[in-house]
Protein chains: 2
Amino acid sequence: MINNYPIVMQSPLFKGVGMDDLNNVFSSIHYRIKKYDADQIIAFEGDEVKCLYILLKGSVKGEMMDPSGKTIKIEDILPPKPLAIAFVFGSANKFPVNIVSNEPSELLVIEKADALKLFSNNEQILQNFLNVISSRSQFLTQKIKMLSFQTIKGKLANFFLQETKGEAIDFVLNKSQNALAELFGVARPSIGRAFKEMNDDGFIHIKGKSVRIIDIKGLRSYLST
Amino acid sequence: MINNYPIVMQSPLFKGVGMDDLNNVFSSIHYRIKKYDADQIIAFEGDEVKCLYILLKGSVKGEMMDPSGKTIKIEDILPPKPLAIAFVFGSANKFPVNIVSNEPSELLVIEKADALKLFSNNEQILQNFLNVISSRSQFLTQKIKMLSFQTIKGKLANFFLQETKGEAIDFVLNKSQNALAELFGVARPSIGRAFKEMNDDGFIHIKGKSVRIIDIKGLRSYLST
DNA sequence: CCTAGCTTGTAACGAATGTTACAAAACCAG
DNA sequence: CTGGTTTTGTAACATTCGTTACAAGCTAGG
């Protein structure tokens with residue numbers, strides 16, 4: 001049955017696993033293919049995550065209610081992505097958002113006990129799963145670092161130092177002010193203002209997309225702000 | 001050899017695993033016990049994490065350099081805790097901080113390949129590891145949510161609504177203003193000011209440690225700030 | 001009861017950012 | 001090249017928070 005979905009081979013969970021091996025492990029566990037119509041609720045925010053879910057067909061979206069009751073779309077999820085993968089195990093394993101189908105969709109559903117069996121029986125799948133959730137944690141750690149800077153200049157200095165790995169002196173900015181503003185959750189004109197101030201401080205020289213780091217020590221001083 | 005460290009039974013990784021089972025799985029993998037003197041560098045920030053490390057004896061600290069070159073202690077780690085557990089696997093698996101021994105210490109060191117074997121061979125250990133790193137991810141997700149509020153009133157409203165699960169109307173605050181300020185990374189007088197403003201807005205009534213939610217809808221309106 | 005230490009309340013002032021708006025510059029497609 | 005769209009620069013004003021400081025209230029121990 002899993003044979004009907006060759007896309008599953010491209011899932012981050014099954015990278016590097018041959019089709020024979022995949023068939024082998026799937027033949028020894030229980031799993032379901034669950035179908036949904038368009039605009040159907042797949043899971044509610046706050047519901048316990050009881051299974052490992054992988055999207056095989058269609059597309060789904062994660063959405064939240066804002067305080068006024070309005071629905072905000074967080075992201076669209078396409079095959080062969082897993083859903084809420086970091087919430088399958090753990091002490092607070094609740095869906096962080098509502099999951100709704102955008103169109104008719106099909107999900108691979110594996111109960112937790114069978115997911116554990118799957119991981120035990122194939123080390124590559126286990127390693128893939130560990131890589132995915134560990135990378136998630138690492139990404140979140142970086143995001144917290146960014147959000148913990150009190151000032152926009154601190155965020156920008158951190159961003160520049162990470163982009164250059166403390167090496168290059170000149171580099172080309174690969175994000176517009178708008179994109180940086182969205183990434184940092186700040187107002188776009190404030191990005192422009194911070195650029196001007198950093199320029200005025202003499203630590204960088206920025207013209208359009210070209211950035212030159214003039215005083216790296218000065219740039220690092222923003223990291224405590 | 002692992003018998004010499006009964007404390008390992010209390011590690012979050014080995015909860016619910018009997019001593020016989022533990023001996024059994026450890027007899028089929030390679031591992032080392034590594035000893036360190038006091039004030040010795042165990043790992044540098046940015047170094048690749050190549051092994052699973054569990055502290056068996058002594059204590060170690062995580063520390064960072066601030067931009068001025070000064071050392072900041074992030075946390076102390078005691079047995080039987082693992083080190084940098086969310087950084088063992090994943091695409092950015094580097095130590096996030098320096099790790100330094102506070103006193104003579106001993107670490108259980110398991111190469112990644114052997115760690116994978118350990119997990120494959122005992123489902124309870126596998127589940128424990130998945131629970132630990134998934135919980136870590138869930139904690140980080142909550143922290144990002146908190147840090148993403150633009151205002152202190154938003155943070156506090158979120159905190160109150162989580163403490164009460166949207167149910168109780170009266171409750172006792174279990175954290176001092178100082179503790180809340182530390183938790184949110186803000187100034188203590190600003191917490192007091194936000195309390196006063198929320199009081200003045202008529203959404204809560206707070207006196208000492210007693211909190212009454214007067215207008216939950218109003219309280220929710222802070223969530224967008 | 002008294003004292004010391006901790007917590008809270010409050011205020012003034014400065015710093016940083018958000019918001020709104022408009023103009024200029026840059027970019028892209030026809 | 002031209003026109004339309006996007007991006008950037010800038011400014012004024014409002015909002016929020018940080019910092020510093022001091023006083024009052026609370027709590028625990030002797």
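Let us start at the DNA: helix H6 of chain A gives the largest share of the surface near DNA strand C, namely 4 residues. Here a residue is near a strand if one of its heavy atoms lies within 4 Å of it, and helices (H or I, at least four residues) and strands (E, at least two) are DSSP runs, numbered from the N terminus. Before going on, please note that this is a predicted model, in which local features need pLDDT of at least 70 and side-chain atom pairs count only at pLDDT 80 or more, while totals for chains, interfaces and linings use all residues. Residues are numbered from 1 along each chain as its sequence is written, chains are lettered from A and ligands numbered from 1 in the order in which they are written, and side-chain values use heavy atoms, with hydrogens and water left out.

Back to the DNA. Helix H6 (188-201) of chain A, helix H5 (177-184) of chain B and helix H6 (188-201) of chain B each supply at least two residues of this surface. Of the 14 residues around DNA strand C, those that come nearest are A:Thr151, A:Ile152, A:Ser190, B:Gln177 and B:Arg188. Sugar and phosphate make up 46% of the atoms of DNA strand C that come within 4 Å of the protein. A polar backbone atom of A:Ile152 is 2.3 Å from a phosphate oxygen of DNA strand C, and for a polar side-chain atom of A:Ser190 the distance to a phosphate oxygen is 2.7 Å.

How do the two protein chains relate? Chain B can be laid on chain A by a turn of 180° and a shift of 0.0 Å along the axis, with an RMSD of 0.1 Å, superposing by least squares on the C-alpha atoms of residues with pLDDT of at least 70 in both. The two copies are thus related as by a two-fold rotation axis. In chain B, B:Ser120 comes closest to that axis, with its C-alpha at 2.1 Å.

Strand E4 (residues 60-65) of chain A runs antiparallel to E7(A), joined by 4 bridges, and A:Val60 stands opposite A:Ser101.

Note on methods. Two strands pair if DSSP finds at least two bridges between them. A polar contact is a pair of N or O atoms within 3.5 Å; within protein, one must be able to donate a hydrogen and the other to accept it, and residues adjacent in sequence count only if both atoms are side-chain atoms.
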